[in-house]
Structure formats: structure tokens, C-alpha cells
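Open your viewer and get ready to click along with this short tour. At each stop you will select something and then see what is there.

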Amino acid sequence: MPLEQHPASSAALEIDGLIVDETITKIGRDFYETFHRQWEPPPMAKDYIILIKERPMMGNGAFVKVIVNEEEVIEYQLQPRHDLIEEASGYTVSVVYEFLVNDQLNRQLEAEGRKEKEVY
């Protein structure tokens with residue numbers, strides 16, 4: 001059967017989550033790979049993009065910035081030590097996970113016509 005006869009819905013082609021690597025140095029690449037290996041998205045998270053950007057520093061360090069859906073979530077100044085990169089990556093996974101959970105809850109509230117609960 002030709003492809004034209006198979007209806008393709010846009011929902012079937014949707015990507016639920018994407019992690020984009022914009023690192024430059026080995027430090028940034030190690031952070032990205034560690035983050036990617038540890039990442040497990042929340043079950044209800046849909047349509048998100050995680051962007052990991054890097055800006056090299058003078059010497060042996062780098063600034064790594066993590067952006068989720070065009071909103072900066074966290075920034076680190078990394079040193080070329082594997083244990084520190086692992087620790088920063090693990091913490092970043094938990095911060096991004098929490099961000100996506102809160103974002104999904106806010107989307108649900110908006111869809112129901114209610115406002116986000118304020119925390120005092």
C-alpha cells in the first residue's frame with residue numbers, strides 16, 4: 001500500500017522529550033553524557049526540550065547551563081573532576097525532574113481554568 005494511503009497523525013510523530021547537547025569541551029561533554037545516562041523523565045511529562053549549553057572558562061573549567069522549554073533552570077561552574085561532574089549532573093537531574101512535574105501540574109490547572117496555587 002502506498003504511503004499516501006496511510007494517514008499519519010501528528011500525535012504519532014510527536015517527540016515527548018528531547019535532550020540537546022550544545023557542549024564544547026570534554027568537561028561539558030562528560031556532564032551531558034552523565035546527565036543523559038541518569039535521566040528518567042516524569043511519567044506525565046510531554047513535549048519538553050532540555051538544552052545543555054556550555055561556555056568554556058579560562059583555565060580548566062566551564063560554565064554549563066541547563067534550559068528547559070526555553071527557561072533557564074540551573075547553571076554550574078564545573079571543574080574537570082569526575083566526582084564533581086557526577087554530583088552536579090545528579091543534582092541537575094532532580095532539579096529538571098521537579099521542574100517538569102511542576103510545569104505539567106501548572107498546564108493541567110490552566111487547562112481546567114484554575115490558577116496555579118501560590119506558595120507563601
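## First stop: isoleucine 52

Select isoleucine 52 and show what surrounds it: Ile52 touches Ile19, Val20, Asp21, Glu22, Thr23, Phe31, Tyr32, Phe35, Val64, Lys65 and Val66, leaving aside residues up to four places away in sequence. Contact here means heavy atoms within 4.5 Å.

A note before moving on: this is a predicted model, in which local features need pLDDT of at least 70 and side-chain atom pairs count only at pLDDT 80 or more, while totals for chains, interfaces and linings use all residues. Residues are numbered from 1 along each chain as its sequence is written, and side-chain values use heavy atoms, with hydrogens and water left out.

## The strands around it

Now select residues 17–22, strand S1, and residues 48–56, strand S2; they pair in the parallel sense over six bridges. Strands pair if DSSP finds at least two bridges between them. Helices (H or I, at least four residues) and strands (E, at least two) are DSSP runs, numbered from the N terminus.

## Threonine 23

Next, click threonine 23, in the loop between S1 and H1. Is threonine 23 buried or exposed? Threonine 23 counts as buried because its relative accessibility is 18%; buried means under 20% relative accessible area, exposed over 50%, and partly exposed in between (1.4 Å probe, protein chains only). Among the residues that threonine 23 touches are Gly28, Arg29 and Glu54.

Select H1 and colour its buried residues: Ile27, Gly28, Asp30, Phe31, Tyr32, Thr34 and Phe35. These buried residues pack against S1, S2, strand S3 (62–68), strand S4 (71–78) and helix H2 (82–111).

Finally, show Phe31, Phe35, Trp39, Ile50, Ile52, Val96 and Leu100, which have the most contacts inside the largest nonpolar core, a set of 24 residues. Such a core is a set of buried Ala, Val, Leu, Ile, Met, Phe, Trp, Tyr and Cys residues joined through side-chain atoms within 4.5 Å. Which element gives the largest share of this core? That is H2, with seven residues.
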